[in-house]
Amino acid sequence: MKRNLLKSALLALMVLVGGNAWAQATTYFSQDYEADGATADWTTGTAGRFTPVILEDDGNHYLSVDQGTRQNNGCVLTSTSLQDKVAAGTDFTMTFDVKIGSSNNQSPVEFNIYDAANSAKILGLVATGVNATEYIINGNSTQKAAISAGSKGISDLTWMEVKLSRNGSLTYLTITDKATSSVVFARDMITTLSETGGLGKMQFITKRYNANFAIDNVVVREIQDGDVPAATPTNYTIKFVDQSSNTIKNDVVIGTIVGTEVSAAADYTAAIYVNDKKYIYVSGNNAITTVENEANNVITLVFREAATWNYTVNATGAESAVIKELASGKAFEEDAVTVPYPLYINVNGTLWTKEATNQEYRASVILNNENTVANWAYTATEKNNVIYCSEGEDISGMTISTNGNLPIRGSNAKGGVSSEDVVITTLSAGKYKLHVGTFTSKSSEQNIYIGYGETQIAFASKGNLSETASNEIVLTAETEIKYFGTTSSADAQLDYLWIEKTGDIFDPETAIVNPSFEADGEKAASNGALELTGWTFDGVGTQFNNTELRPAGSESTTSQFGTSDPSEGNYSLFIRQGWNGNGNVITLTSDAMATLPAGAYILSVDYKQYYSYDKDNQANQNTKLGLSVVDGENTVASTTSPAADGVIGGNVNTYFNDTDWSTLELPFTLDQELVDGNVVITFNMCGARRSDFFVDNVKLIQVPAIDGALAELKKAIDAAQALADSYAIGEVMFTYPATEITPLTNAISTAQGVYDAAESVDAVTTATQTLNAFVATFAPAMNKPEADKTYTFRLRLDVETPLYMALAESGITIAEQATALKFIETENNGEYYLSNADGTLFVGLAGNNAWTMSTAADKKAAWTFTALPDGAHRINNLVTKGRFVGTNAAEKEAGKPCYADKQTSNGNVDWIIEVTKIPTGIKTMKAGRESEEIYNLNGQKVMKAQKGLYIINGKKVVVK
């Protein structure tokens, strides 16, 4: 027979025939959890915590708690199974097996049985601490039962058999250790807490985690002979008086039996607090033997009035030196004063710390004498550059908070909150890290925001105290550090804040000498280079270049395109290339900068630039500004502005006046300090026309590492996007299939995602390197001309008679008859030679004169082709960076020559490129017969076929 069946049979036998008259006893309630379908008859007060379940051990079933739900904070388990089973005033005996215990050392666990009114306890058992060795019974420290309690799972605890009898107003208790059958509390009369009697709810109470509870074999029956000892009941009284016999506390009357030796429990000799006074026990706790006359059963406890003593609590450091007074005040002698303390103290820039005491930032001081002094040791950390440290509640403008667990788990037992923004402190220019202690009693993550200006940095907490450090922040000027109450969670508190200075920053005005060109005043050099304080020119021509320092409101006429006020200060630098200059590169190099420490930087310069030519002409690619940082002959970082706009015709005399300043930025990061580095500004001057520049306000700032990394990633993204935008997407020649460009746009999108997330310097730096590496090797396949086909080039004109490009030994002309041309790819991808079908004539340049052309093979030139949105193409020459020109005549006419690079009176032209129709055979026809499409063997379209071989309607035909 299984053990559970045996247990049920024995329980029934005990009820029916157990000792003396027990067989006739009425059973009010029984529960052994063995019946089929038995369910837990207890409920938890908090879902998910200490869930009641029926467990099984070696065939025995019992009620306990789910062992996996004991890691949460405490709750209350309740059973109402006994409610109304025994009415008030009815005597009864109750037996049950129980296990209670805890493996945390912070709060006791309790098991209570209440009276019928649920107003007072019939029985209360309390087990305290880890591996508790005794139960305190009904709150009376003189009533204890020795137990054996484990500290881990329910199987580690020992079953205790409890027999409780209520006889009139007296309560009797027996507790037996079932493992050893030892009686650990023998049918003693215990303190009666309820006058009502009867039975109500049962409860198991734990305030902390890892508590345990089990109950089994609950029987409530009618009281029988032998359940309580035969005795005469009586009472004894405990009185509380001062040394003048004045009553200081109400008498306590305790039930007992005649002939019992009793004394006041230790609880009754504890200090008494009444009317703002404290009384300390002196004498009177003498044992008496009770008699039937209750008036003679009196114990009088005498107390004296306690003195008030001063105390001081100090934080001490090395060699017990006091570093801060934590608390001081007055309290009664022998009192234990609880004093909260901060986790951190800043002493002359060094951070000192004291860890939590039993997970709490508070401890007790016992006043053993007047002027008690307690010294609590703090330990110095390695942080010795702390410039600010404060508890959240001590910050002006913050409201003190003691919500939730703050009084026990929070530094100094308090925190600060505010629904408004609060200025915490002001920091001078420099580099810093913010270390923020945040607190919430919520299990979900809560954020508070601290920062500067418009920058809000999130500091998260989840489940009590969390400390988070910000990334390094760089402040270039005196800056307020703020608590952003309007965005911080109302369920989070600022526990503390300490700020460490991680480094100094330099003043940009001292890092670069004369950064805004203010040192020399108004100055001009009509031909050649200015002598500038802090800067040196190189490459300035003495014939065609002018350099000037122009003040605000200048009316200088050196530039024909207007002038400009400075972007900052009183002066800006102007550089001009004359009309007939051949183009050159001018550099402006700063004197050695102040030593730059390792870190992230952004160098910038304000500029305006102008190129006096058609803005669509690619020659303007030569007119641009460069900016770099160099270390001797090594370039640390460099960047280039977009090409200058080119404008011709119309009123351009106020171009600079009307144009806003642009800023060219160069982000860079130094892994180690840069000594004697230089700034170099490069002016790329166009070789054929005017190139004019204004520059001003060279600025170097140091930024947080993450900001520098983001700036470099943004530069890489912009460059990659510019590359992506440069590819014409389509299906015609010299465009790119969308699928070829998709990998680049995907790479840009991935990098943009990292930029937006801005999670860490490493992540951003890796994204920059990955994108740059991808771009460096990106080579999409273009829709190229087919090598085995020939093409005709028709001018895109709105005319009745089409005009084509024609090649002959005499030259390249516009003609009504087209020459079939072949694309011959050069070694450089995307560049082509153009020749006639048999490769004897080429579209080339006549010597060094870019305005004339030649068909000679040794004059052939490489060309690139730009596909236009309407399907036409533009021919670009790589030598002159210009556009292929159909003719410079007022109107495009047949017989006019072509030019390699010449502006025409009615604009440049573009070309419709079409595949030459391929003949499929040879037919004959009579001379004089007209056809819609007739070409000679040179690919020239003719109006009428004579005798000979022609291509007519795409077929070879012999005309006789």
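In the predicted model, Leu 193 is located in the loop that links strand S13 (182-190) to strand S14 (202-206). Its relative accessibility is 36%, so Leu 193 is classed as partly exposed, a class lying between the cut-offs of 20% and 50%. Apart from neighbours within four places in sequence, Leu 193 makes contact with Ala 120, Lys 121 and Asn 138. Between the C-alpha atoms of Leu 193 and Ser 169, which are 24 residues apart along the chain, the separation is 9.6 Å.

Over the protein, 7 helices and 67 strands are assigned. Of its 960 residues, 48% count as buried. When contacts between residues at least 6 apart in sequence are considered, 68% join residues at least 24 apart.

Five of the strands are arranged in an open sheet of order S17-S16-S22-S20-S19, in which the pairing is mixed. Strand S17 (247-257) and strand S19 (272-274) form the edges, each pairing on one side only. On average, and with direction ignored, neighbouring strands of this sheet are turned by 30° against each other. Within the sheet, strand S20 (residues 277-283) and strand S22 (residues 298-305) run antiparallel and are joined by 4 bridges. Tyr 279 stands opposite Glu 305 of S22.

Helix H7 (residues 761-777) comprises 17 residues; the distance from its first C-alpha to its last is 25 Å, close to the 24 Å expected at 1.5 Å a residue. Val 764, Ala 767, Thr 768 and Leu 771 of H7 are buried. These residues lie on the same side of H7, because the arc they cover around the axis is only 100°. In an α-helix there are 3.6 residues a turn, so residues three or four places apart point the same way. Asp 762, Gln 769, Thr 770, Ala 776 and Thr 777 are exposed on the other side of H7. The packing partners of the buried residues of H7 are helix H5 (705-726) and helix H6 (738-757).

For H6, 20 residues span 28 Å from the first C-alpha to the last, close to the expected 28 Å at 1.5 Å a residue. Ile 741, Leu 744, Ala 747, Ile 748 and Ala 751 are the buried residues of H6, and they pack against H5 and H7. Ala 758 follows H6 and has a positive phi, near 50°.

Most residues other than glycine have a negative phi. Besides Ala 758, whose phi is positive, positive values are found at Ser 320, with phi near 60°, and at Ala 413, with phi near 65°. Ser 320 is placed in the loop between strand S23 (308-316) and strand S24 (322-332). The loop that holds Ala 413 runs between helix H2 (406-409) and strand S33 (415-417). Ser 320 has a relative accessible area of 55%, over the 50% cut-off, and is therefore exposed. Ala 413, at 10% relative accessibility, falls under the 20% cut-off and therefore counts as buried.

Definitions and conventions: Residues are numbered from 1 along each chain as its sequence is written. This is a predicted model: local features need pLDDT of at least 70, side-chain atom pairs count only at pLDDT 80 or more; totals for chains, interfaces and linings use all residues. Side-chain values use heavy atoms; hydrogens and water are left out. Two strands pair if DSSP finds at least two bridges between them. Helices (H or I, at least four residues) and strands (E, at least two) are DSSP runs, numbered from the N terminus. Axes are lines fitted to C-alpha atoms, for helices over the stretch in contact, and angles run from 0 to 180 degrees between N-to-C directions. The expected span of a helix is 1.5 Å times one less than its number of residues. Buried means under 20% relative accessible area, exposed over 50%, partly exposed in between (1.4 Å probe, protein chains only). The arc is that of the directions from the helix axis to the C-beta atoms. Contact means heavy atoms within 4.5 Å.
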